[in-house]
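Subject: Structure handover

Hi there,

Here is the structure I promised to pass on to you.

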Amino acid sequence: MRANQNSKTLSADELKFEELLASGRKIEPRDWMPDDYRKTLIRQIGQHAHSEIIGMQPEGNWITRAPSLKRKAILMSKVQDEAGHGLYLYSAAETLEADRTDMLEKLNNGKMKYSSIFNYPTPCWADMGAIGWLVDGAAICNQVPLCRTSYGPYARAMVRICKEESFHQRQGYEIMLTLCRGSAEQKQMAQDALNRWWWPSIMMFGPRDDKSPNSELSLKWKIKLFSNDELRQKFVDIAVPQANILGLTVPDNDLSWNEETGHYTYGEPDWEEFFEVIQGNGPCNKERVSNRREAHENGQWVRDAAIAYAEKRAKISRPKTTQDPL
């Protein structure tokens, strides 16, 4: 028999769990799983769901100010997609016996994190293009492998999410391309937006592998299939040629092509800034959480009405018995 790290014989449940992982099959809600596996998934899926919900704010801010009716409709659809992504992910977390209400309370109280990228301001329309191109592009690099993650409900939710994120990325790049083909002022707007969002996008993959507290277990359990640094490198290799097509300059003086590795060499992000942001001290942290808390409180009457309606419908549809009043 094999032994675990504590040199104890594995139980039948532990053996079956490891065999499922080794064979590439999915862990399903009915299957036994280690407590730490469950907790790691709830943390990751919860943070992912929260990121989708908080991520609606910087773009929703521009719906009423989009430069055309077409742009307005596209942006509305994108924000709506993000709300849907959050719902898929909260549902996936609930299959792990997580409580959605509890997760949302922790988000509103700042006790659960979301992606650091959504704590930066969006001062002009070009930011909508940069977010779609860079932020959603980084999300695709990170999330496409999650379609093969070891937990079944999470993997299946990611299939649809990634399809929609692909549309979002193309929509953002098209905004940037339109600006770059416009006036000199419009191209400068695009360059300024790239300058603002490049480094936050690089940091979006999380800390360096040797500083990431959760990566080892996530990789061991095949929740993640690639490390933070591997995904970051893939993003850089994709995004730099796209910037060249736009005629924009990536704001990294250390950026260069490495013939030996076949990858771009890039500079070091400001990790002090990264940790400040995830600790709640970014440019828009307090604003984002405050807006989310206010929206949650203002929507209480909608949730109450929905519950009351559901209870009423349940009573109406309940089969009558001899004890039911006429």
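This is a predicted model: local features need pLDDT of at least 70, side-chain atom pairs count only at pLDDT 80 or more; totals for chains, interfaces and linings use all residues.

**Confidence and overall picture**

The chain has a mean pLDDT of 92, with 95% of its residues at 70 or more. The stretch to treat separately is residues 1-7, where pLDDT stays under 50 and the model has 12 contacts beyond four places in sequence.

The chain contains 13 helices and two strands. Along the principal axes, its C-alpha atoms fill a box of roughly 80 × 60 × 30 Å. Of the 326 residues, 47% count as buried. If you look at contacts with a separation of 6 or more, 75% of them come from residues 24 or more positions apart.

**The nonpolar core**

The largest nonpolar core has 77 residues, and the members that touch the most others are Tyr37, Trp198 and Phe235. Beyond four places in sequence, Tyr37 touches Phe17, Ile27, Ser150, Tyr151, Trp221 and Ile223.

Two packed helices are described by the angle between their axes and the distance between the axes. Here is how that works out for the two partners of H7 that I looked at.

How do H4 and H7 run relative to each other? Helix H4 covers residues 69-94 and helix H7 covers residues 152-180; their axes come within 10 Å and cross at roughly 160°. An angle over 145 degrees counts as roughly antiparallel, so H4 and H7 are roughly antiparallel to each other. The crossing of H4 past H7 is left-handed.

Helix H2 (residues 35-54) also packs with H7, at an angle of about 25° and with the axes 13 Å apart. Angles under 35 degrees count as roughly parallel, and H2 and H7 are therefore roughly parallel to each other. H2, too, passes H7 in a left-handed crossing. On the H2 side of this pair you will find Leu41, Gln44, Ile45, His48 and Glu52, which meet Tyr154, Met158, Ile161 and Glu165 in H7.

**Residues in these helices and elsewhere**

Leaving out residues up to four places away in sequence, lysine 78 touches Glu59, Ile131, Gly132, Asp136, His168 and Gln171.

Cysteine 180 belongs to helix H7. Its relative accessible area is 13%, so cysteine 180 is buried. Beyond four places in sequence, cysteine 180 touches Lys187, Ala190, Leu246 and Leu248. The C-alpha atoms of cysteine 180 and phenylalanine 226 are separated by 34 Å, with the two residues 46 apart along the chain.

Asparagine 108 is in helix H5, which spans residues 100-108. With a relative accessible area of 5%, asparagine 108 is buried. The C-alpha atoms of asparagine 108 and glutamate 294 are separated by 9.0 Å, although these residues are 186 apart along the chain. Beyond its neighbours within four places in sequence, asparagine 108 is in contact with Val289, Arg292, Arg293 and His296.

Asparagine 142 is in helix H6 (residues 126-143). At 32% relative accessibility, asparagine 142 counts as partly exposed. Setting aside neighbours within four places in sequence, asparagine 142 is in contact with Phe205 and Leu231. From asparagine 142 to isoleucine 74, 68 residues apart along the chain, the C-alpha separation is 24 Å.

**Two backbone angles to look at**

Glutamate 97 is not a glycine, yet has a positive phi of about 75°. Glutamate 97 is in the loop between H4 and H5, and is exposed, with a relative accessible area of 68%.

Lysine 222 also has a positive phi, near 60°, in a residue other than glycine. Lysine 222 is in the loop between helix H9 (215-220) and helix H10 (228-246), and is partly exposed at 32% relative accessible area.

Best wishes, and happy browsing!

Technical notes. Residues are numbered from 1 along each chain as its sequence is written. Side-chain values use heavy atoms; hydrogens and water are left out. pLDDT is the predictor's confidence in each residue, from 0 to 100. Contact means heavy atoms within 4.5 Å. A nonpolar core is a set of buried Ala, Val, Leu, Ile, Met, Phe, Trp, Tyr and Cys residues joined through side-chain atoms within 4.5 Å. Buried means under 20% relative accessible area, exposed over 50%, partly exposed in between (1.4 Å probe, protein chains only). Axes are lines fitted to C-alpha atoms, for helices over the stretch in contact, and angles run from 0 to 180 degrees between N-to-C directions. Helices (H or I, at least four residues) and strands (E, at least two) are DSSP runs, numbered from the N terminus. Angles under 35 degrees count as roughly parallel, over 145 as roughly antiparallel, 65 to 115 as roughly perpendicular and the rest as oblique. A crossing is left-handed if the near helix is turned anticlockwise from the far one by less than a right angle, and right-handed if clockwise.
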